[in-house]
Amino acid sequence: MDRYRKLLQLVDIRDNFFFSWSYPLMHRLQRNLCKQETEHSSERTMFVWNEHLTHQTRVTLKSTLWTVPLIHGFFKQVELSTGGNTFIFTLIARRSCQFAGTRYEKRGVNSIGQAANEVEIEQIVWQRMHSDCPSQISSSVQIRGSIPLSWSQKSTVLKVKPDIEFSVGNYKGTKLHFESLRRRYEAPQIILNLLKASQIKHREYIMHHEFQNAVAFINQGLAEKDQVEFLSLDLDAAFKDEKTDEVTELKAKVAPALKKIGIFSCKMPQSVNFKAMSDLSYISCSHQKGILRANCLDSLDRTNVAQYVYGMVALGQQLHTLKLIESQELKFSDPLAYDLMNIYQAMGDALSRQYAGSPAHHKIFAKIRGQNKMATQFQELMKSIQRHYSNSFTDGTKQQAID
């Protein structure tokens, strides 16, 4: 018992854990307002970090009143403005408690379809009115997670980039993973794969090819409307090519995806108490149907950039829906783009510390900002050293604590 107590004390709950007394933070806005419950019971609690620790209390007391769902990830709410219009922007990142862990200790997908280190990212926009209740509110949801194949990497002190081991042709967990996504978010499911694809013998190219094969295999048994769409961009190659604009390349991928998926928006009567979810009724709403799932090898650094670009494209549509801007498109030269970049960068740092033991690499963000290349390279080197130390010496014990 003392061993378990000491392990639990290794988990620092002072940072990036959050909860609410009145709002179900573990669920996205669309599910809360529209009372959608299409998931399995395990999927309803997958973003409750203390689900296992509080289970026995709830069973014994036959009540949920004595426990509070704890969310692990990132939360930021700020007031932003564009064109003279002020609005409230909220970014929530919810880490799944299923198959969760540190960078090399948890990889891929397990036999029941749970992807390692899955995170649901939701950005919510509403205009502050005279009362606490928004008359209209909008949200956009995307996810990230380990490549849903059966694969692993073993960290060693001498190898900064360990070899990838995976089971070729074993797509059972992959199939179950996308079935879970379909229940939770409906179709379409669109993959934004950021693995290297230009070097045929590179470990990432092999993984990229196997991921493509898995998606093609799964799609064979699905109706056309339910098939998984596979988008690919070698973001590392795009970064190294001075003639290529990474943001433009990403936008060309995610803008059509957002058009297919849409955003959630809801108009509500001014008299409703927004904090009392049971009293909430909406006048009209449009639903988000489907999900964009982004990944690189670690689902950290390159994924952060892609999710920022998707968030920026979605924000333009959200603000247009709320009638705060005339066009659906926000320019990446807009000061608002830098505000959003800062928030997504902070989210990336938080998730990277939880998962890999260091802040995220931001070489693409630094390039967008025009920061000094030499200074950026030194910062990135220090992060790599910090990450390698954590992966080699402390992640094993940390994984036991999470388990």
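Student: Which residues is Leu250 in contact with, leaving aside its neighbours within four places in sequence?

Tutor: With contact meaning heavy atoms within 4.5 Å, Leu250 is in contact with Leu192, Leu194, Leu233, Leu235, Val305, Ala306 and Val309, once its neighbours within four places in sequence are left aside. This is a predicted model, in which local features need pLDDT of at least 70 and side-chain atom pairs count only at pLDDT 80 or more, while totals for chains, interfaces and linings use all residues. Residues are numbered from 1 along each chain as its sequence is written, and side-chain values use heavy atoms, with hydrogens and water left out.

Student: How should I read the largest nonpolar core, and which residues touch the most other members?

Tutor: In soluble globular proteins, nonpolar side chains tend to be buried together. A nonpolar core is here a set of buried Ala, Val, Leu, Ile, Met, Phe, Trp, Tyr and Cys residues joined through side-chain atoms within 4.5 Å, where buried means under 20% relative accessible area, exposed over 50%, and partly exposed in between, with a 1.4 Å probe and protein chains only. The largest such core holds 52 residues, and Phe87, Phe89, Leu192, Leu250, Tyr308, Leu315 and Leu319 touch the most other members. Its largest share, ten residues, comes from H9, helices (H or I, at least four residues) and strands (E, at least two) being DSSP runs numbered from the N terminus. A second, separate core has 23 residues, including Ile164, Phe178, Val215 and Ile291.

Student: What does a search for pockets find, and what is the volume of the second largest pocket?

Tutor: Rolling a probe the size of a water molecule over the atoms shows where empty space is left. On a 1 Å grid over the protein atoms alone, a cavity is a set of points where a 1.4 Å probe fits but cannot get out, whereas a pocket is an open set with protein on both sides within 12 Å along at least five of seven lines, and lining residues have an atom within 4 Å of a point. Grid points are joined across faces, edges and corners, and a volume is the space filled by probe spheres set on the points. The largest pocket has about 1200 Å³ of space, and Leu8, Val11, Trp49, Ala401 and Ile402 lie nearest its centre among 38 lining residues. The second largest pocket has a volume of about 1100 Å³, with 37 lining residues, of which Asp236, Asp301, His361, Lys363 and Glu380 lie nearest the centre.

Student: Where does Ser299 lie, and is Ser299 buried or exposed?

Tutor: Most residues other than glycine have a negative phi, and most peptide bonds are trans. Ser299, however, has a positive phi near 55°; Ser299 lies in the loop between strand S12 (291-295) and H9, and counts as buried because its relative accessibility is 6%.
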